[in-house]
Amino acid sequence: MKPVDEHRIHQLFEIGVWLKGAHALIECIGGILLYVISTDTIASWVNALTQEELIEDPNDFIAGYLSQMASHFSVASKEFYAFYLLSHGLIKLLLIIGLLRGKLWSYPASLVALGAFMAYQLYRYSYTHSPGLLVLTVFDAVVMWLIWQEWRIVREHKPA
């Protein structure tokens, strides 16, 4: 690979990793908030946010969906999502720190972790049909490709 191509790959790699890091931090914060905020408080907030829209248009799809989800949001669901977000975010943060520090172990570990997360996202998509999961999966695939390319470059330039 030409040095110009390597430099461009490295730049894109860093951007992708920093974006994944921001996403991981948001997941951690969301997980912590879910642990400390009660389901009643969450339902109250959602109702406050959707109430005006539902008064204006009782058939509003998004407001109605959010209101219905909040009313059925159980403590068990809250704890699952809190655990999922926090663990997912912490794993990604650990891997991102390794990648940004150029630790060789972090490249294959990141590929395995992202591959597992993508498989789970596609599994969840088969039930939810959420376009957000597809967007996240495509972004993860791009970041995986960048990690693979960067790992190849790093291995080529590391002394034996």
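Select Lys 78, which is buried (under 20% relative accessible area, with exposed over 50% and partly exposed in between, using a 1.4 Å probe and protein chains only) and yet has no salt bridge, since the nearest side chain of opposite charge, Glu 79, is 5.6 Å away. A salt bridge is a side-chain nitrogen of Lys or Arg within 4 Å of a carboxyl oxygen of Asp or Glu, and for charge Lys and Arg count as positive and Asp and Glu as negative, while His and the chain ends are not counted. The model is predicted, so local features need pLDDT of at least 70 and side-chain atom pairs count only at pLDDT 80 or more, whereas totals for chains, interfaces and linings use all residues. Residues are numbered from 1 along each chain as its sequence is written, and side-chain values use heavy atoms, leaving out hydrogens and water.

Lys 78 sits in helix α4, and, residues up to four places away in sequence not counted, Lys 78 touches Leu 34, Tyr 35, Ile 37, Ser 38, Thr 39, Ile 42 and Phe 73, where contact means heavy atoms within 4.5 Å.

Next, select Leu 93, which is also found in helix α4 (residues 75-100) and is partly exposed, with a relative accessible area of 21%. Apart from neighbours within four places in sequence, Leu 93 is in contact with Gly 21, Ala 24, Leu 25 and Cys 28; the C-alpha atoms of Leu 93 and Cys 28 are separated by 9.1 Å, although these residues are 65 residues apart along the chain.

Finally, move to Leu 25 in helix α1, which is partly exposed, with a relative accessible area of 47%.

Terms used: Helix = DSSP H or I, 4+ residues; strand = E, 2+ residues; numbered from the N terminus.
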